[in-house]
Structures are given as structure tokens and as C-alpha cells.
Amino acid sequence: MRRRGAATLRLNAAPFPSPTSRIDSDDIFQIYLRAKSEADAALRGNDQLDWTILRPGSLTDDSPTGKVQAGAEVEGSIPRGDVAALIATLLATGAGVGAQLEVVSGETPIAEAVAAL
């Protein structure tokens, strides 16, 4: 779905930080997470783009299951293949525009999770 002929951007953001992350740390990964957070905020404020921010849990090399759990406060891991399948489904359907999704492995089939957006 496009608004006013706007370009579409889907951003696969960094995994969401854990509640114990120190945002003020000088650790290189924490600096990276701060930069990604600022990029996410800038994207959310851009009304010229159809955007989706996908924030997967810890990525694994496990075989994809085709099932996810999406929500504001989900914790866990997710196979890279499921993240790829979720992105492909979001692109194919146009669902999730203007949404930030945190996602981990779960029991909901990807197509069903996307349809619920």
C-alpha cells in the first residue's frame, strides 16, 4: 500500500535490547543499538514513506518453523529463515505499514500473524 505515491521502505532493525541493556554504555554494540534506535525514530517520523520496522529477537541458525509470536513485549529467539519469510509475507501483502513489530518464535503461522496486523 502506498500513500500519495510515496516510496516503500521496510527496515529490518537490530534485535530489541534486553531490559538489562545499558543504553549509556560505551560498548560498541550498545552504541550500535543507540544509532539504530535513532534511525527507527527518524523513520517513524517520516510521513513520506510507507515503513515497517521489524525487530527480531535473538537470531538463530535453526530450521525455520513458519510460526511466530509478535507483540510489544515478546522475548526469545527466532530462526533467520522465519525472519526472511516474515519479511517476504509483509512485502507481498503490504501489511504492517506504519508498524513496529517485535517478533520471536511462537505458535502462530506467519500468514496468520501478518493477517492480524
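**One residue, then the chain**

Modeller: Thr60 counts as buried because its relative accessibility is 17%, where buried means under 20% relative accessible area, exposed over 50%, and partly exposed in between (1.4 Å probe, protein chains only). The model is a predicted one, in which local features need pLDDT of at least 70, side-chain atom pairs count only at pLDDT 80 or more, and totals for chains, interfaces and linings use all residues. Residues are numbered from 1 along each chain as its sequence is written, and side-chain values use heavy atoms, with hydrogens and water left out.

Colleague: Which strand holds Thr60?

Modeller: Thr60 belongs to strand 3, residues 58-60. Helices (H or I, at least four residues) and strands (E, at least two) are DSSP runs, numbered from the N terminus.

Colleague: And what does Thr60 contact, leaving aside its neighbours within four places in sequence?

Modeller: Thr60 is then in contact with Ser77, Ile78, Pro79 and Arg80, contact meaning heavy atoms within 4.5 Å.

Colleague: Where is confidence lowest, and where is it highest?

Modeller: The lowest confidence is in strand 1 (residues 7-12), with a mean of 57, and the highest is in strand 7 (residues 108-109), at 98. These are pLDDT values, the predictor's confidence in each residue, from 0 to 100. For the chain, the mean pLDDT is 81, and 79% of the residues reach 70 or more. Where pLDDT is low, the predicted coordinates should not be read in detail.

Colleague: Now helix 1, please. Which of its residues are buried?

Modeller: Gln30, Leu33, Lys36, Asp40 and Leu43 are the buried residues of helix 1. Seen down the helix axis, they fall within an arc of 135 degrees, so they line one face of helix 1; the arc is that of the directions from the helix axis to the C-beta atoms. An α-helix has 3.6 residues a turn, so residues three or four places apart point the same way. On the other side of helix 1, Ile28, Glu38 and Ala42 are exposed.

Colleague: What about helix 2: which residues are buried there?

Modeller: In helix 2 the buried residues are Asp82, Val83, Leu86 and Leu90. Down the axis of helix 2 they fall within an arc of 105 degrees, so they too line one face. The 14 residues of helix 2, at 1.5 Å a residue, should span 20 Å, and the end C-alpha atoms are 20 Å apart, which agrees. The expected span is 1.5 Å times one less than the number of residues.

Colleague: What follows helix 2?

Modeller: Gly94 follows helix 2, and its phi is positive, near 80 degrees. Ala95 lies in the loop between helix 2 (80-93) and strand 6 (99-105). Ala95 counts as buried because its relative accessibility is 16%. The C-alpha atoms of Ala95 and Ala115 are separated by 7.3 Å, although the two are 20 residues apart along the chain.

Colleague: One last pair. What joins the side chains of Arg55 and Glu102?

Modeller: A polar contact of 3.2 Å joins them. A polar contact is a pair of N or O atoms within 3.5 Å; within protein, one must be able to donate a hydrogen and the other to accept it, and residues adjacent in sequence count only if both atoms are side-chain atoms. Arg55 lies in strand 2 (residues 49-56), while Glu102 is found in strand 6.

Colleague: Are these two residues buried or exposed?

Modeller: Glu102 counts as buried at 11% relative accessibility, and Arg55 counts as buried at 14%.
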